[in-house]
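Have your viewer open and follow along step by step.

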Amino acid sequence: MNLPTYDVKLKNEDPYTFDFISEGKNGNIQKVIMFQETGIEGVFNLGFGDKDPETGYLDDMSISDNGDTEKVLATVVMAVYLFTDENPSAYILAKGSTPARTRLYRRSITKYLEQAEMDFNIYGIVSPTESEFFIPNKEYEGFVIQRKKLYNND
């Protein structure tokens, strides 16, 4: 995607965690993007939210309303690219912390689907045991993303 993004910093002590600062109408807000192993080999949960200033932990229930949603989501997508550059066979599970956030993610995927499908296989989670290739504007419980294989023709 050719959208503006924030600069992300990979945490040295945790190669699956990225930090950045959202700059908007409510000031500077620290954000965290985490890829956590699920217990199933090669499957990672994508966690995203504000960094709690007191605990330093990710708060995926906060609503910052900083006026930069598209730039923030583009930054999360950039982190997915960075993560899958290092973990090309990983499956990434993404689900909003609320149904409204899951709908926001679905709308964003739909908006940029043609471009996203060039690099990723995208699936919609229909139930805990069923997924399908992503269908625009269909309600899903969450999403699974996998980087398409990059072949070197040398």
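Before starting, one term: a pocket here is an open set of grid points with protein on both sides within 12 Å along at least five of seven lines, and its lining residues have an atom within 4 Å of a point. Keep in mind that this is a predicted model.

**Exercise 1.** Describe the largest pocket: its volume, its lining and the elements behind that lining.

*Solution.* 
Step 1. Start with the space, which is about 740 Å³ for the largest pocket.
Step 2. Find the lining of 34 residues; Leu46, Val76, Val77, Tyr105 and Ile145 lie nearest the centre.
Step 3. Trace the elements that give two or more residues to this lining: strands 3 (27–37), 4 (43–51), 7 (120–127) and 9 (142–147), together with helices 1 (69–86), 2 (99–111) and 3 (113–119).
Step 4. Pick out helix 1, whose 8 residues are the largest share of the lining.
Step 5. Sort the lining by class: 21 residues are nonpolar, 8 polar and 5 charged.

**Exercise 2.** Which element gives the most to the lining of the second largest pocket, and what classes of residue make up that lining?

*Solution.* 
Step 1. Locate the second largest pocket, with about 400 Å³ of space.
Step 2. Look around its centre, where Ser64, Asp65, Thr69, Arg101 and Leu104 lie nearest among 20 lining residues.
Step 3. List the elements that each supply at least two lining residues: strand 4, helix 1 and helix 2.
Step 4. Finish with the classes: 7 nonpolar, 7 polar and 6 charged residues.

Conventions
Residues numbered from 1 in each chain as written. Predicted model: local features only at pLDDT ≥ 70, side-chain atom pairs only at ≥ 80, totals over all residues. Heavy atoms only, no water. 1 Å grid on protein atoms, 1.4 Å probe; cavity = no way out; pocket = protein on both sides within 12 Å on 5 of 7 lines; lining within 4 Å. Points joined across faces, edges and corners; volume = space filled by probe spheres on them. Helix = DSSP H or I, 4+ residues; strand = E, 2+ residues; numbered from the N terminus. Nonpolar A, V, L, I, M, F, W, Y, C, P; charged D, E, K, R; others polar.
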